[in-house]
Each structure stands twice: as structure tokens, then as C-alpha cells.
Amino acid sequence: MEDELDEPPRRLSRAPGRSATLDLALLGLIAEVPGVSGYDLVKIFDLSMEHYWHAHPTQIYATLERMEKFGVIKRRKVAQRKRPNKRTYTITPSGERLLVEWLEAPFEGVKLKHPPLLRCRFLGHLGADGARAVLDEERFSWALHLKMYRELERKHFADGKAYRDANTMFTWFTLKRGIDWMEENIRWCDWAMAEIERNRALFPAVSMRAGLKPLIPYDEVLHGAMADAEEAEGKRRYARRKARLFK
């Protein structure tokens, strides 16, 4: 690994391809399960992809409609006895081409936006106890995610179960990555909280929160009068502009 880092920077020999999007994720799932319903797509998404690509069900359904208009998937209505009709989806030849072009594209890299890490950068303003409390809460959240991923592992991949197919193997790859990431996040939180304890002398005696002035209570009568005055002033300005225009 160190020898690779010592090598001169490589240049991509190919132009960048499409960026990863929800459309492409859904194309991949529909290609794996032809005739899958929108409801089942949401369930599969939550099961195998939620830990690295979040999407709300309403966003998924809206994206499916757009993909159908673009001609990359086909929709079919299926009648069901004593149940509402369902819509099923299959990938079209143009959708297959789009999916393959994306999969074969050069490495895209990650444009990282990590809200907890951004907040961590400024936790010094909360003092040692405040910073520890934030990190302790973050650690608890990572532990909940890890518990969920371990349960998926137990149900689908425990005891050296053989892969049903190649798609199942790559599903495990992504879940394993999620498990490793959560475990690393928990280790990092433990390390960071220990560092705070070891370096309490670095923090100011009074945190930023302790110096905050109390908020002014909302006064409905006062704010209502201010709004009326602002509206009246706006009407006067409008009247003056109108008068100048029609002189």
C-alpha cells in the first residue's frame, strides 16, 4: 500500500461518466428482479442499500415515474384479487445500456458531506462536558445502526451461508462495509471522548452556551403591531412609486 502511495499520481485515461443517482440505483435493482413492484423496490432498498444511499419512499416512486417517461424502464399494471392493483417494472434495452455505461465508468470518488464531522470541528465552543455529551449521543446512534446491520447479517449471511448468486455476494460486500464503518465510528467516538478527558485544561473556563443571552419572549401584540406598521409602510412606498409613474 505504501509503495502505491509513493508512485506518481495517475491520470484517468477515460473521461468521467455519469454520477451515481437514485435512478441508477433503481435501474440496478430492477435489472436484478424483473417484474418487481414499487412496494417491493422500497423494501429491497431499505434492506440492502439504506446504509449507504438514503431515499424516502415518495422519492423512489417519483423517480420511477420519471424513469418510465425517459424510456429506461417499462411499467405494467397487474390485477390482484381482493387487493389493489400493483405496478411492476422491467428494464428496457436503453436502461440496460445506461446501467452498463455507469458501471464501467471511471472511479467517481466521493464528494463527502459528513454532518457529524462538520459539527465535531466546532465542539470546542461547548466546553469539555458539552462536547462529550454530543459525542456520546453520536456513539449511541452508531451503535443502533450497527445492531441493525448485525441483524441483517445474522438473517441473511451468518454461518458461512453460500451466496445464491453474484448479486447476493455484492449485497454482502456493501453490508460488510457498513458494519466495518459503524464499528470504526464507535471506536473513534471512544477515542475522541478519552482525548477530551485527557485534555480538559485546553477548554475555556466558560463555554459559549454559558455566555448566551436569554431569548426575548415572543410578544404577539408587539409583533402584530410591528407587522401592521411594516405593511402600512409598504403600501405608502407603493403609492409613491405609482404616483411618480403616472405624473
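Which residues does Thr 88 touch, not counting residues up to four places away in sequence? I looked this up in a predicted model.

**Entry 1: Thr 88**

I placed Thr 88 in strand β3. With neighbours up to four places away in sequence left out, I listed Gly 35, Val 36, Ser 37, Lys 74, Arg 75, Arg 76 and Val 78 as the residues that Thr 88 touches. I noted a relative accessible area of 7% for Thr 88, and because buried means under 20%, Thr 88 counts as buried.

**Entry 2: Arg 76**

I went on to Arg 76, one of the residues that Thr 88 touches. I found Arg 76 in strand β2, which covers residues 73-80. Is Arg 76 buried or exposed? I read a relative accessibility of 55% for Arg 76, and the cut-off for exposed is over 50%, so Arg 76 counts as exposed. I recorded Lys 86, Arg 87 and Thr 88 as the residues touched by Arg 76, again without those up to four places away in sequence. I also checked the C-alpha atoms of Arg 76 and Thr 88: they are separated by 5.3 Å, and the two residues are twelve apart along the chain.

**Entry 3: Thr 92**

I followed the chain to Thr 92, which sits in the loop between β3 and α5. I noted that Thr 92 is buried, at a relative accessible area of 6%. Its side chain makes a polar contact with the side chain of Ser 94, at 3.1 Å. Setting aside neighbours within four places in sequence, I found Thr 92 in contact with Gly 71, Val 72, Ile 73 and Lys 74.

**Entry 4: Helix α2**

How many of the eleven residues of helix α2 are buried? I counted eight for this helix, residues 22-32, and wrote it down as mostly covered. The buried residues in α2 are Leu 22, Asp 23, Leu 24, Ala 25, Leu 26, Leu 27, Leu 29 and Ile 30. I then looked up what covers them, and the cover includes the strands β1 (36-37), β2 and β3 (83-91). The helices α3 (38-48), α4 (57-70) and α5 (93-103) are also among the covering elements.

**Entry 5: Salt bridges**

I got a count of 17 salt bridges. Side chains of opposite charge can pair when their charged atoms come close. I looked at some of the pairs.

I started with Arg 154 and Glu 151, whose closest N and O atoms are 2.5 Å apart in a salt bridge. Both residues lie in helix α7 (residues 127-156), three residues apart, about one turn of the helix. An α-helix has 3.6 residues a turn, so residues three or four places apart point the same way. I noted Arg 154 as partly exposed at 49% relative accessibility, and Glu 151 as partly exposed at 32%.

I next took Glu 233 and Arg 236, which form a salt bridge with closest N and O atoms 2.8 Å apart. These residues are separated by about one helical turn because they are three residues apart in helix α9 (residues 220-245). I noted Glu 233 as partly exposed at 27% relative accessibility, and Arg 236 as partly exposed at 44%.

Which residues do salt bridges with shared partners join into one network? I wrote down Asp 129, Arg 132, Glu 197 and Arg 200. Within this group I checked Arg 200 and Glu 197, whose side chains meet in a salt bridge at 2.9 Å, N to O. Arg 200 is partly exposed at 34% relative accessibility, and Glu 197 is partly exposed at 37%.

Technical notes: Residues numbered from 1 in each chain as written. Predicted model: local features only at pLDDT ≥ 70, side-chain atom pairs only at ≥ 80, totals over all residues. Heavy atoms only, no water. Helix = DSSP H or I, 4+ residues; strand = E, 2+ residues; numbered from the N terminus. Buried < 20%, exposed > 50% of the residue type's maximum accessible area, 1.4 Å probe, protein only. Contact = heavy atoms within 4.5 Å. Polar contact = N/O pair within 3.5 Å; in protein donor to acceptor, adjacent residues only side chain to side chain. Salt bridge = Lys/Arg side-chain N within 4 Å of Asp/Glu carboxyl O.
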